[in-house]
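Dear colleague,

I am passing on the structure below, and my notes on it follow. Please read them alongside the coordinates.

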Number of protein chains: 2
Amino acid sequence: MAKTVRFYEFGDASVLKLDDVPILEPKAGEIRIKVAAIGLNRAEVMFRRGKYLERAEKFPCGLGYEASGTVDAIGSGVTGFKIGDKVSTIPAFSMQRYGVYGEYAVVPAHAVSHHPDNLSFEEAASIWMQYLTAYGALIEYAKIKKGDFVLITAASSSVGLAAIQICRVTGAIPIATTRGESKKQFILNAGAHTVITTDTQNLVEEVNKLTNNQGVDYVFDPVAGEFLQVLAQATKSGGTIFEYGALSTNPTIFPLFDALKKGLKIQGYTLFEIVSDPEKYKRGQQYVIDLLSKSNVKPIIDKTFPLDKIVDAHRHMESNSQNGKIVVTV
Amino acid sequence: MAKTVRFYEFGDASVLKLDDVPILEPKAGEIRIKVAAIGLNRAEVMFRRGKYLERAEKFPCGLGYEASGTVDAIGSGVTGFKIGDKVSTIPAFSMQRYGVYGEYAVVPAHAVSHHPDNLSFEEAASIWMQYLTAYGALIEYAKIKKGDFVLITAASSSVGLAAIQICRVTGAIPIATTRGESKKQFILNAGAHTVITTDTQNLVEEVNKLTNNQGVDYVFDPVAGEFLQVLAQATKSGGTIFEYGALSTNPTIFPLFDALKKGLKIQGYTLFEIVSDPEKYKRGQQYVIDLLSKSNVKPIIDKTFPLDKIVDAHRHMESNSQNGKIVVTV
């Protein structure tokens, strides 16, 4: 038997239950991992609430996108892995079918990757969602380069931090936003050129000061909602705003006049565009592996929880007080 | 003296007055044209109402983007033109400083072009706004190609018709929308593959039938407003929606979930992006000249009015009953 996190209804963190379930055998094309660490994502909170891009249709339902551990069993037709390999999972599957919150995780082989040796299991459970998501928008699509101004909102999230790090490696200038003062120093330490605190500073004025009134080249935003109008004001003519989430609960108004006047592009984006395209996926995986093995970039971990404290771990994520990735150890 | 249309306050068509004003001398870099025909645009209606991208700051104010005629006087430093040349004007200037509604128009030389000999003056006053606008989105940016599905809304407008014609020349498949049945046959005759009447048909269902449930590759829309949500549903994964106007008076909601799920790009676009970039402007001018001289494409003219009926001509545009370009002859 294996301890596995499942939920029986949509709701707050308390719906997560630690069940004893039989250990599954991997089918053709699948791999079973003995899990060492699990990286938590906002996606799982949304999925648990029934507010994610996909919605659980059967209960009980597992969840979880990112785990690291060792290969424990291999289904037929899988090549490139052997028992005992250190691996981590990439969010390239449906959480209705697969979930990694547990002592063992069975996942499709295409969503399993080796990772650089210099990473701990906690770190290896904290790389794919954040670096591959930031990679797709900033490198695959925007092709950011030295001197580009990139505005990164919700910058203390793991994807925001990854975006800051990727900007630094390419020579682009990461301008970060956060609401209050509490996370400002942390985000500066993580590599932001400037942190704008939106509760107390005027975002457009601050961006104008930094960019000689030109605005930023790119925006990387998971919030949406009414703030998109402000982001459009802070964006340069011809600039692109990536919307990669829906954290705001308010309707998102399209900034029509700024878009027309400045020829702005507003691009919906998720990691699934990258992992569903074999060429982009391959380039992205290689980029992340190179980034973590050839530069001094490492994921920033906020705090670890044991598996039986998964409810507390989700509550901690929803408190928005974390600085970096929340990890569950198994 | 020269009869010149000016307005003294924002308002309905009746604010347009035909004044006698002294004939202006072209300054350095300017050309004076003896006007033969004027092409009317929605932009002038919006400008007259005070609702355009730029707003008149001094009255009386002239207006008008597109005229054809002969070169009548040439300012210092202008090369490439001689007195008597047949020319037409390109909307590459501010209507606060320049307007072409009148017997004579002084405009910056960079906004003056020779045009193919096979065009009448009425036709030559009806080419630049419509073909260059459609060119920029469909050719310069989208690079449409054979077999691409392009959804063209407000298709009976002159820019909509130009977009249909450019799709046909490139082998793309123009799917047009119009509200009722009254313009359907006209739009089919203009080259649309299919016309969807949005008052009586379900746009998404009709698009799905035509595209094997894939959605269209591109949308070219001047309406915005709440309809953008429907357009997003009708767009293919990875597709682009060009918003090039603001005809709707309702707020435009950003279609966040469709954008995230399908990785949609929603791009604000106006002709000014093309005419303000020397390389794009040059490519666009050449494209339009080639299109009109080497294919059988011609602008579709709805109706002509004499200059002293300019108020009626504007009212006709606002009636939305026209099929193609409204031209004023001088």
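In chain A, 13 residues of domain 1 are in contact with eleven residues of domain 2, where contact requires C-beta atoms, placed from the backbone, to lie within 7 Å. This is a predicted model, in which local features need pLDDT of at least 70 and side-chain atom pairs count only at pLDDT 80 or more, while totals for chains, interfaces and linings use all residues. Residues are numbered from 1 along each chain as its sequence is written, and chains are lettered from A and ligands numbered from 1 in the order in which they are written.

Domain 1 of chain A covers 2–127 + 299–329 and domain 2 covers 129–272, with bounds from an automatic or database domain assignment; their centres, taken over C-alpha atoms, are separated by 28 Å.

Helix α3 (residues 128–141) of chain A packs against helix α4 (residues 158–170) of chain A at an angle of about 55°, with the axes 8 Å apart, the axes being lines fitted to C-alpha atoms over the stretch in contact and the angles running from 0 to 180 degrees between N-to-C directions. Helices here are DSSP runs (H or I, at least four residues), numbered from the N terminus.

A rotation of 180° with 0.0 Å of shift along its axis superposes chain A on chain B, with RMSD 0.0 Å, by least squares on the C-alpha atoms of residues with pLDDT of at least 70 in both. The two copies are thus related as by a two-fold rotation axis.

How values were computed: Helices (H or I, at least four residues) and strands (E, at least two) are DSSP runs, numbered from the N terminus. Two residues are in contact if their C-beta atoms, placed from the backbone, lie within 7 Å.
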